[in-house]
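Please work through the following exercises with the sequence and the model side by side, and try each task before reading its solution.

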Amino acid sequence: MSDGRGVELYLVTDTALCGGPDGVVETAEAAARGGVDMIQIRDHDASTRELCSLTTRVIDAVATARRVRVVVDDRLDVALAIGADGVHLGQSDLDPVVARRLADRVVGEGFHLGWSVSNLEQVAAATRLPRGTVDLLGIGPFRATPTKPDAAQPLGLDGVGAITDAARAGGCANVVIGGVKLPDLRALVAAGAQGVAVVSAICGQPDPLAATQALRRELDAAGGSSTGSLR
């Protein structure tokens, strides 16, 4: 992701909000048609087999849409086993250097690796990683959200601005997550967000397609059309 290439839209799924695995697949397919650039499958309650099945179904469901990458939250083993496009790791997950080494051995180039950060110290640590280790920093939470009750303290706009500035100065692309809603998008883009990640703004909505299209229109107005630059 780089400046001038558009603000990107990232869906993080919530199986409960979507009404179950079938709802996740339906929501993901609608979101792909509506303009998301990346879909992260997140289900901490699913077994390994269930998560593999769900992610595979989503990959198949979005295959006919424009290029949308599907990544797995936390579980590098699942992402590699089923051929997902990447993984997103938290601070307590596998070391990103180890994860990149494993992915390179199994997949080679092109595997997406995201890493969550919530403060300036974690951004600094990300910038010290070997070049090419992490493709994207997930910055958050912007505000408190029931979809991730164990998240760090909310950053607010000022906190987001400070961390996006540090990430960009260190050459790291970013996406902002945590309670993000449609009315927040322009302010987040102005604060330095290169992408926004949403959960309940799409999952559990009466019309996920319309909800996605509304988010996409607002992001296009705020920062230009997306060109699918999330690696």
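**Exercise 1. Find which residues of helix 1 and helix 8 meet, and describe the crossing.**

Solution. Begin with the contact, counted where heavy atoms lie within 4.5 Å: T27, A30, A31, R33 and G34 in helix 1 meet P208, L209, T212, Q213 and R216 in helix 8. By class, this contact has four nonpolar, four polar and two charged residues, where Ala, Val, Leu, Ile, Met, Phe, Trp, Tyr, Cys and Pro count as nonpolar, Asp, Glu, Lys and Arg as charged, and the others, Gly among them, as polar. Next take the axes, which are lines fitted to C-alpha atoms over the stretch in contact, with angles from 0 to 180 degrees between N-to-C directions: those of helix 1 (residues 21–34) and helix 8 (residues 208–223) come within 8 Å and cross at roughly 35 degrees. Helices here are DSSP runs (H or I, at least four residues), and strands are E runs of at least two, numbered from the N terminus.

The model is predicted, so local features need pLDDT of at least 70 and side-chain atom pairs pLDDT 80 or more, whereas totals for chains, interfaces and linings use all residues. Residues are numbered from 1 along each chain as its sequence is written, and side-chain values use heavy atoms, leaving out hydrogens and water.

**Exercise 2. Determine how many disulfides the structure holds.**

Solution. A disulfide requires two cysteine sulfur atoms within 2.5 Å, and a search of the whole structure finds zero. For C18, the nearest cysteine sulfur is that of C203, 3.4 Å away. C18 is buried (under 20% relative accessible area; exposed is over 50%, partly exposed in between; 1.4 Å probe, protein chains only), because its value is 14%, and C203 is likewise buried at 2%.
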